[in-house]
Amino acid sequence: MPHDETSLIRARRPSVVKIQEEEQIEVPAGLNFFAKMIEWAPLWCFLLIDNATYAYTAAFGVVVFQVFVSYVQHKRGEFLEWPKPLEIIFVVVFGLLTTLAWIYQESVETIEEYSGPAINAGLALGFFVSWLLSRPVVRGYQVDKLGEERASHPILVHMASWLSVMFTVVFSSIAVIGALWPEGDWAFLICNLAGGGAFLTAYKIYPAYVKNHTEEMAALYADEIAEWEAKHPELNFDGEMA
């Protein structure tokens with residue numbers, strides 16, 4: 001792209017420059033990264049508790065507690081969006097598994113054998129449905145950090161949509177592999193590598209990529225960005241909220 005055209009993109013799109021300069025595309029580190037991983041605490045129950053029925057119940061209890069805590073934070077003004085899509089997904093998935101485990105205790109071993117694929121399939125479906133409803137899981141966290149108007153910036157909307165599609169594909173693949181080869185060590189390794197890679201991409205790699213290629217992405221969404229800036233003149237992207 002010629003230099004003049006690049007300069008024109010930057011000059012006409014102050015919101016793009018602001019996203020580049022500020023921490024609106026966040027690359028979590030340290031305690032911040034740890035805090036984000038805590039949101040997936042229900043999955044830890046399966047590593048800490050051997051009894052499947054108790055593990056499902058504990059995971060469901062953790063999810064309900066998280067929903068309650070986030071509601072309190074929402075009422076205090078700390079969170080703008082409640083409940084978050086991920087919380088809804090976990091309540092449905094672990095609520096269903098807990099119910100099945102207690103009702104069909106004679107089949108709990110079968111339920112345990114396919115619980116991994118069931119959880120991943122539920123996550124895939126939840127990410128996909130939330131994306132279809134235009135409320136991607138990632139967007140909830142963007143709204144909490146930036147507010148509804150800023151989070152609707154086309155580049156940030158692209159990030160939320162792309163990550164939702166990525167997680168849908170990854171969780172679907174893990175679910176299929178786990179269902180077809182539940183006892184395979186190689187399948188377990190592949191699934192863990194895929195899951196770890198997805199989280200690393202979502203929290204580190206892709207935000208860093210977007211932050212380093214904001215101008216190129218701005219060129220792809222030039223009309224949408226211009227429309228967004230015209231629609232939100234009250235947002236002063238050369239400083240704080242006007």
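**Surface.** I began with the accessible surface of the protein, which comes to about 13300 Å². Carbon and sulfur atoms hold 65% of that surface. The model is a predicted one, and I kept that in mind throughout. For burial, I found that 43% of the 242 residues count as buried.

**Fold.** I listed the secondary structure and got 14 helices and 0 strands. I then looked at contacts between residues at least 6 apart in sequence; 73% of them join residues at least 24 apart.

**Confidence.** I noted a mean pLDDT of 75, with 78% of the residues at 70 or more. Residues 1-12 have pLDDT below 50, and beyond near neighbours in sequence this stretch has 11 contacts in the model. Residues 19-32 also stay under 50.

**Nonpolar patch.** I looked up a nonpolar surface patch of about 730 Å². Its residues are Leu125, Phe128, Val129, Trp131, Leu132, Leu133, Val165 and Val169. Two helices, α8 (115-132) and α11 (154-180), each give two or more residues to the patch. The largest share, 5 residues, comes from α8. I placed Leu133 in the loop between α8 and α9 (137-146). Leu133 is exposed, because its relative accessible area of 62% is over the 50% cut-off.

**Aromatic pairs.** I counted 9 aromatic pairs in the structure. Phe128 and Trp131, both patch members, have ring centres 6.0 Å apart and planes at 35 degrees, so I logged the pair as tilted. They are 3 residues apart in helix α8, which means a separation of about one helical turn. Phe128 is partly exposed at 35% relative accessible area, and Trp131 is partly exposed at 33%.

I turned next to Trp162 and Tyr206, whose ring centres lie 4.5 Å apart with planes at 15 degrees, so this pair is stacked. The pair links distant parts of the chain: Trp162 sits in helix α11 and Tyr206 in helix α12 (residues 185-212), 44 residues apart.

**Aromatic cluster.** My last entry is one aromatic cluster, formed by Phe127, Phe167, Phe171 and Phe199.

Definitions and conventions
Residues numbered from 1 in each chain as written. Predicted model: local features only at pLDDT ≥ 70, side-chain atom pairs only at ≥ 80, totals over all residues. Heavy atoms only, no water. Helix = DSSP H or I, 4+ residues; strand = E, 2+ residues; numbered from the N terminus. Buried < 20%, exposed > 50% of the residue type's maximum accessible area, 1.4 Å probe, protein only. Contact = heavy atoms within 4.5 Å. Areas by Shrake-Rupley, 256 points an atom, 1.4 Å probe, with all protein chains shown as cover. Patch = residues over 30% accessible without salt bridge, like charges linked within 9 Å, V, L, I, M, F, W, Y side chains within 5 Å. Salt bridge = Lys/Arg side-chain N within 4 Å of Asp/Glu carboxyl O. pLDDT = per-residue confidence, 0-100. Phe/Tyr/Trp six-rings, centres within 6.5 Å; stacked < 30°, edge-to-face > 60°.
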